[in-house]
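I opened my notebook to look around a structure that was new to me. These are my entries, in the order I made them.

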Amino acid sequence: MKIATWNVNSLSVRLGQVLDWLAAHPVDVLALQELKLTDDKFPLAALQEAGYHAVALGQKTYNGVALLARAPLREVQRNLPGFADAQARFIAATIDTEAGPLRLLNGYFVNGQAPGSEKFAYKMDWLQALHGYVQQELAQHPRLVLLGDFNIAPEDRDSYDAEGLRGSIHHTDEERAHFQALLALGLTDAFRLFEQPAKSFSWWDYRMLGFQKNRGLRIDHILVSSALRASVSACTIDRAPRKNPQPSDHAPVVVTL
DNA sequence: ATGACGGTGTGGCACCGA
């Protein structure tokens with residue numbers, strides 16, 4: 001089965017591209033971030049017509065997440081329990097597969113702006129709350145995938161300019177420690193289970209020909225639990241949608257298991 | 001050091017993203 005994550009930077013603008021991509025890549029699950037629309041504007045009918053069940057947590061203007069799946073989605077959790085969040089950044093649900101139930105945790109992690117800012121403090125708090133929730137969830141759902149836009153470049157090789165950007169947002173030791181803490185729960189970065197091309201990124205700035213010059217970051221991730229690790233057979237970034245007219249600044253990441 | 005590009009909401013720009 002295939003599971004994907006894609007920050008679409010406005011589902012209203014990108015719906016056509018999402019439907020085209022799903023038609024060409026009929027994945028079993030697609031996690032979306034940055035919907036930038038309220039639930040009443042969520043294009044449920046169009047997605048159902050494409051053969052997907054969908055659950056969403058939307059918000060006006062910013063944020064917003066959704067899970068799309070071929071199978072019905074149950075046990076839906078919107079927001080991180082116990083973390084009062086004014087922003088729509090998290091949704092979880094379970095699907096049933098031939099191998100058993102599969103728990104899906106989709107996050108649009110906080111950007112954080114700059115170390116020392118209030119937004120950075122919010123990022124740290126959010127990551128702490130996520131860690132606690134993932135720990136609880138793993139105890140109940142051994143087959144678990146945590147995916148989304150993490151807004152963290154885990155290692156130097158995940159940045160087009162690790163030296164120049166050292167200590168800046170997405171590159172700080174604090175963010176990377178939080179990423180490692182998630183791995184320490186027993187999760188594995190599916191992308192790094194395989195040999196990958198150098199300078200593999202999932203986001204490129206719209207400005208200054210970022211994509212054309214491959215000045216990007218790998219900040220969109222798919223983490224799998226230990227129970228799933230052995231069944232992962234591939235993980236790739238699909239750069240093609242970044243070449244579309246009016247693209248999102250992020251590309252989809254796809255895992256096969 | 002700054003702004004560049006794109007989306008949104010509003011309004012002739014400011015904000016936010018990464």
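Predicted model: local features only at pLDDT ≥ 70, side-chain atom pairs only at ≥ 80, totals over all residues.

**Around the DNA**

I began with DNA strand B and found 24 residues surrounding it, the closest being Ser10, Thr61, Asn111, His170 and Arg207; a residue counts as near if one of its heavy atoms lies within 4 Å of the strand.

Residues are numbered from 1 along each chain as its sequence is written, chains are lettered from A and ligands numbered from 1 in the order in which they are written, and side-chain values use heavy atoms, with hydrogens and water left out.

I sorted the surface near DNA strand B by class and got eight nonpolar, nine polar and seven charged residues. Here Ala, Val, Leu, Ile, Met, Phe, Trp, Tyr, Cys and Pro are nonpolar, Asp, Glu, Lys and Arg are charged, and the others, Gly among them, are polar.

Next I looked up single atom pairs. An N or O atom in the Asn111 side chain sits 2.8 Å from a base nitrogen of DNA strand B. Asp149 has a polar side-chain atom 3.3 Å from a phosphate oxygen of DNA strand B.

**Helix H1**

I moved on to H1, residues 11–24, a helix of 14 residues; helices are DSSP runs of H or I of at least four residues, strands are E runs of at least two, and both are numbered from the N terminus. H1 reaches 18 Å from first C-alpha to last, close to the 20 Å expected at 1.5 Å a residue.

Which residues of H1 are buried? I listed Leu11, Arg14, Leu15, Gln17, Val18, Trp21 and Leu22, where buried means under 20% relative accessible area, with a 1.4 Å probe and protein chains only. Their cover includes strands E1 (2–7), E2 (29–33), E4 (65–69) and E14 (253–256), and helix H2 (44–49).

**Gly64**

I found Gly64 in the loop between strand E3 (53–57) and E4. Gly64 counts as buried because its relative accessibility is 0%. Its C-alpha is 8.0 Å from that of Phe90, 26 residues apart along the chain.

Terms used
Expected span 1.5 Å × (residues − 1). Buried < 20%, exposed > 50% of the residue type's maximum accessible area, 1.4 Å probe, protein only. Contact = heavy atoms within 4.5 Å. Polar contact = N/O pair within 3.5 Å; in protein donor to acceptor, adjacent residues only side chain to side chain.
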